[in-house]
Every structure is written in C-alpha cells, then in structure tokens.
Amino acid sequence: MSWFATEAPMDIKEFLAPSDTLIDVRASDKTRLLQELTRRAATILDLPAERISTEILKREELGSTGTGGGVALPHARIQGLNRSFGILARLNKPIDFEAIDGRRVDLVFLLLLPANPAEDQLKALASVARKLRDAACLCDLRSASSSAGLYHAMTT
C-alpha cells in the first residue's frame, strides 16, 4: 500500500474528462462491465479494445480490484498508451465484483496507465484511490443526479 503515500497527488482532471464520467451504467456482471468500459476506452484512445480488455482481465485474475465499500478500481498498464486515462462509472444496480469485503460494487473507476513505469502513474492511481476512500466523496458520488455532478464530486 506504499503507493498511496506518494507526495503530491495528481489532479484527476489530468486523466478524467467530463465525457468519460458515466451515470446509471447497466451491467449484468463484472466481466461484461469491464469489457464495455474497455471498448469505450479503446474507441476514445484509438487502441485495440482486445489489448485493453486482455490487460484489465489479466490484472483481475491476480486479485479483484474491488477495494471495498462498494468501490472498484480496475487498472492496468497498456502498451501504446502515452498518458493515463480514466473512466468513472456509477452503476444503476450494484454487481458482484469479488471485492475484498464481499460487498457488491456500484462505483467503478477504470484507470489505464502507460506501459512504461513512471512516478506519475503511481500518483494517478494514488489520487483515485484516495478519493474513493473518502466518505464525503463517496456520498457525493452516490447522490449526484447527473454525470456533471459525478465528475464534480470526483475532481474537487
């Protein structure tokens, strides 16, 4: 958990756009959700969807990225990606994500990182993790009535 303790947090606005903040996403299960989010990311980033999906699912095989409290932070390093990229989704109904606390997940932040290790990547992951552990932020994310409200809650 040392990556949470990086010095200066990275501004989430650097890798999350308002258009990549989704509300009331429908998903029947974890795999379908991840495939849908990775397809969306691939289109935006002009990268092969299969490459992104493979890396995200490979990371999930190591252990669920369901961090507890109804939150998941699926992430992977992607060959050919030049900058960190995120998609924030609030699900219309919580799904099983094999989270560490067994709780179903309704907030998912997909984070894609460049393949080359760099301190900024750890800062991006730490910034998202920090926000998604904050009780006030989680309350705001869950009560947001629009994608803009969801984005605002995640980036302020």
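Visitor: What pLDDT does the protein average, and what percentage of the residues score at least 70?

Guide: In this predicted model, the protein averages a pLDDT of 92, and 92% of the residues score at least 70, where pLDDT is the predictor's confidence in each residue, from 0 to 100. Local features need pLDDT of at least 70 and side-chain atom pairs count only at pLDDT 80 or more, while totals for chains, interfaces and linings use all residues. Residues are numbered from 1 along each chain as its sequence is written, and side-chain values use heavy atoms, with hydrogens and water left out.

Visitor: Where in the protein is confidence lowest, and where is it highest?

Guide: Confidence is lowest in helix α3 (residues 119-133), at a mean of 87, and highest in β3, at 98; helices (H or I, at least four residues) and strands (E, at least two) are DSSP runs, numbered from the N terminus. Over residues 1-6, pLDDT stays under 50, and the model has twelve contacts for them beyond four places in sequence, a contact being heavy atoms within 4.5 Å.

Visitor: What makes strand β6 largely enclosed by the rest of the structure?

Guide: Buried means under 20% relative accessible area, exposed over 50%, and partly exposed in between, with a 1.4 Å probe and protein chains only. Ten of the ten residues of strand β6 (residues 105-114) are buried, and therefore the strand is largely enclosed by the rest of the structure.

Visitor: How do you know that β5 and β6 pair, and in which sense?

Guide: Two strands pair if DSSP finds at least two bridges between them; strand β5 (residues 85-95) and β6 have seven, in the antiparallel sense, and I87 has L110 in β6 as its bridge partner.

Visitor: Which strand pairs with β6 in the parallel sense over two bridges?

Guide: That is strand β3 (residues 71-72), where V71 has L107 in β6 as its bridge partner. Strand β4 (residues 75-78) also runs parallel to β6, joined to it by four bridges, and here R77 stands opposite L113 in β6.

Visitor: Why is D46 called exposed?

Guide: The relative accessible area of D46 is 70%, and exposed means over 50%, so the term applies. D46 is found in the loop between α1 (30-45) and α2 (49-62), and its phi is near 55 degrees, a positive value in a residue other than glycine.

Visitor: What makes E98 exposed?

Guide: E98 has a relative accessible area of 53%, which is over the cut-off, so E98 is exposed. This residue is found in the loop between β5 and β6, and phi of E98 is near 55 degrees, a positive value in a residue other than glycine.
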